[in-house]
Amino acid sequence: MIDGGFHKGTVNTITGASGTGKTVFASQFIHQGTKFGEKGMIVTPSESADYLKREMSSSFGWDFSALEKEGKLCIVDVTDPVLRLQKSIEIDPVDFLINFRKLVERKLQEVKPERLFIDDLSAFFMAVEAPFKIRSLTDDLFGTLRASGATSVVTIGTAFGMNQFLEYGADSATVLKRERIGNNLIRSIFIMKMRGSKIANSIRVLDISDDGMSVSSLSPYP
Ligand SMILES: Nc1ncnc2c1ncn2[C@@H]1O[C@H](COP(=O)(O)OP(=O)(O)OP(=O)(O)O)[C@@H](O)[C@H]1O
Ligand SMILES: [Mg+2]
């Protein structure tokens, strides 16, 4: 659908409502990379690293703990008190996002991953009131990601209405959906934009099974 894959060193967003498969998509991107010898890094601002590991292990048998031990993957748990990145409501969201960017920058220099996944940041951006601040914080963060040379996937929930700001600043934007068609709920995927490549102008059915996620050649609509 994107003429071969994400371009190296770009920032790619995956947008969708809750349960559409954003975390699965990005986790599979990282897991698949480790099979090709590409080191991965995962940053989980909203849920704990242990939770993500348990989820991916029970859903697909992907052993992120083993990959960490083998040095193929580094998971940065933002909730880790050692990192001192507090995300309490008393902290100014702009300060939080600036500190978050610095933390990611430091970790990227330390770990030097080829693939990076940052799970849903939209709730933090929602707390920033001025749109121009959201834009410049997004540009700063995405600039840091590009400068590292890693290929990044950033997931974005739609619940907070922050997706357009983040998609605007990204090199590509993919949208996941789950909707009722007849008596069934069908998952689907389409590419909203991809700078520097031609893209499929079609909506495709997305399957999630014990083997992970796959894109079908079918359209969800008759
Ligand atoms: N082995 C499996 N076979 C089929 N479906 C699965 C399997 N494992 C997980 N799923 C489904 O995949 C979906 C998980 O999606 P995921 O957690 O990636 O959503 P999300 O978009 O990240 O949601 P949120 O915004 O709430 O974080 C769940 O609906 C779950 O039922
Ligand atoms: Mg998720």
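Q: Hi! Is β1 mostly covered or mostly exposed, and how many of its residues are buried?
A: Mostly covered: 6 of the 6 residues in β1 are buried. Buried is used for a residue with 20 or more other C-beta atoms within 10 Å of its own, exposed for 12 or fewer, and partly exposed for anything in between, with C-beta atoms placed from the backbone. Strands here are DSSP runs of E with at least two residues, helices are runs of H or I with at least four, and both are numbered from the N terminus.

Q: Before we go on, what sort of model is this, and how is the numbering done?
A: This is a predicted model, where local features need pLDDT of at least 70, side-chain atom pairs count only at pLDDT 80 or more, and totals for chains, interfaces and linings use all residues. Residues are numbered from 1 along each chain as its sequence is written, while chains are lettered from A and ligands numbered from 1 in the order in which they are written.

Q: Thanks! Back to β1: which residues sit on each face?
A: V11, T13 and T15 are on one side, with N12, I14 and G16 on the other, and both faces are covered. In a regular strand, side chains alternate between the two faces of the sheet.

Q: Which strands does β1 pair with?
A: β1 runs parallel to β6 (residues 172-181), joined by 4 bridges, and it also pairs with β5 in the parallel sense, over 6 bridges. Two strands count as paired if DSSP finds at least two bridges between them.

Q: Which residues face each other there?
A: On the β6 side, T13 stands opposite A173, and I14 has T174 as its bridge partner. On the β5 side, N12 stands opposite V153.

Q: What does the whole sheet look like?
A: It is an open sheet of 9 strands with mixed pairing, in the order β3-β2-β4-β5-β1-β6-β7-β8-β9. β3 (73-77) and β9 (212-215) stand at the edges with a single partner strand each, so one side of each has no neighbour in the sheet. On average, neighbouring strands are turned by 20° against each other, direction ignored.

Q: And what does α1 touch in that sheet?
A: α1 packs on the sheet, touching β1, β2, β3, β4, β5, β6, β8 and β9, and its direction makes about 160° with that of β4. Axes are lines fitted to C-alpha atoms, for helices over the stretch in contact, and angles run from 0 to 180 degrees between N-to-C directions. Contact means that the C-beta atoms of two residues, placed from the backbone, lie within 7 Å.

Q: Switching topic: where is E167, and what is it in contact with?
A: E167 is in helix α7 (residues 163-169). Leaving aside neighbours within four places in sequence, E167 is in contact with T13, T15, A173 and M192. E167 counts as buried because it has 20 C-beta neighbours inside 10 Å.

Q: What about ligand 1, how many residues surround it?
A: 14 residues surround ligand 1, and the closest are S18, K22, T23, V24 and S59. α1 (22-35), α2 (49-60) and β8 (204-209) are the elements that give two or more residues to this shell, and α1 has the largest share, 3 residues. A residue is in the shell if its C-beta atom, placed from the backbone, lies within 6 Å of the ligand.

Q: Last one: where is K112, and what is its phi?
A: K112 is in the loop between α4 (93-111) and β4 (115-118). Its phi is positive, about 50°, although K112 is not a glycine.
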